[in-house]
Amino acid sequence: MDHRSGQKSAGGLYPMIEPFDQRVIDMGDGHRIYVEQCGNPQGVPVLVLHGGPGGGCSPAMRRYFDPGIYRVVLFDQRGCGRSRPTASVISNTTWHLVADIEVIRAALGIDRFILFGGSWGATLALIYAISHPDRVRHLVLRGVFLMTQAELDWFYGGGAGAFYPDLWAKFLAPIPEAERGDLIGAYHRRLFSGEPAQEVRLGRVWANWENALASVHSDGPVGESPGEYARAFARLENHYFKHSGFLDSDGWILQQRPKIEHLPAVIVQGRLDMICPPVSAWKLADGWKNADLRLVPMAGHALSEPGISAELVRVMDGLRG
């Protein structure tokens, strides 16, 4: 395989490519999962885990990998993107997603992956690696989220809102003051009200709060999300957060970290990430000898942040050998 096979654009990403394989896998419990493969069919397998939960994959996610070297696998997690049924939380937990990855891996005949995930995708990568360490070659994580109550309190309890009080006020506005002590619970009641118009409207408010803080270069709303996308994203994210990621205890990932400390990991973290503050990435890397924490100055949370994108491409280029 020629390490010089992929020609990068001026922006540092590889040119857009189309999948060589697209399929839908029926998981047998009502969920049908969209899977695609790009790049070199004989290459080093990389599994891309998108954020959210509920974010879905985008074509831009194919562009972080030399297509002559890597066999890139992307899939839309349960309830979102091109997977069906849309916005469904029935049989939709972290452990269903871990099992889905195993089904995908077996169906594609892959022994071990590089796991590439950001935000919730980093969470899922860590949980899968803890559950199946023998199936992981390397972890490449971005914008670390450890699924702890402290992180939820930061983003949905007023911590981030102290820096964006105008945007925080818009997030609070649909919720009566008496219910604001538990905003995840208050939104849950409305996102699962059975009233489609209300679910779309509140889904947009939920999604807008997160999207507005994703980039260090933005200073306010970045436009309305399409209604059905916002509804699916908000319902799934809220469902997972209301149930603490379906983990057995707060701090579970760090408690289980010894199971993966033999694995190499690179952690790319925006220094100014307002959604997933750097303290989580620091805690994850602290004492993990095989982990390389790279803090990117003047970068926030989004995958598209120039410094984040450049560092992730640099990491993946460095793993080609």
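Which residues lie nearest the centre of the largest cavity? Let's walk over to that spot together, after a word on the model.

This is a predicted model, in which local features need pLDDT of at least 70 and side-chain atom pairs count only at pLDDT 80 or more, while totals for chains, interfaces and linings use all residues. Residues are numbered from 1 along each chain as its sequence is written, and side-chain values use heavy atoms, with hydrogens and water left out.

Now, the cavity. By cavity I mean a set of points, on a 1 Å grid over the protein atoms alone, where a 1.4 Å probe fits but cannot get out; lining residues have an atom within 4 Å of a point. Grid points are joined across faces, edges and corners, and a volume is the space filled by probe spheres set on the points. The structure holds one cavity of 30 Å³ or more, with a volume of about 130 Å³. Its lining has 13 residues, and Phe145, Phe155, Phe241, Ile275 and Cys276 are the ones nearest the centre. Helix H3 (149-156) and helix H7 each give two or more residues to that lining, and H3 has the largest share, with four. Helices (H or I, at least four residues) and strands (E, at least two) are DSSP runs, numbered from the N terminus. The lining divides into eight nonpolar, two polar and three charged residues. Here Ala, Val, Leu, Ile, Met, Phe, Trp, Tyr, Cys and Pro count as nonpolar, Asp, Glu, Lys and Arg as charged, and the others, Gly among them, as polar.

Let's stay with H7 for a moment. Of its 16 residues, 13 are buried, where buried means under 20% relative accessible area, exposed over 50%, and partly exposed in between (1.4 Å probe, protein chains only). From first C-alpha to last, H7 reaches 22 Å, close to the 22 Å expected at 1.5 Å a residue; that expected span is 1.5 Å times one less than the number of residues. Just after H7, Ser244 takes a positive phi of about 50°. Phe246, in the loop between H7 and helix H8 (252-256), also has a positive phi, near 60°.

A pocket is an open set of grid points with protein on both sides within 12 Å along at least five of seven lines.

The largest has 75 residues, and Leu139, Trp209 and Leu213 touch the most other members. Helix H2 (120-131) supplies the largest share of this core, nine residues. Apart from it lies another core, of 27 residues, including Met61 and Leu312.

One last stop: the peptide bonds. The bond from Gly52 to Pro53 is cis, with omega near 0°, and Pro53 sits in the loop between E3 and strand E4 (70-75). A cis bond also joins Arg84 and Pro85.

Terms used: Core = buried A, V, L, I, M, F, W, Y, C linked by side-chain atoms within 4.5 Å.
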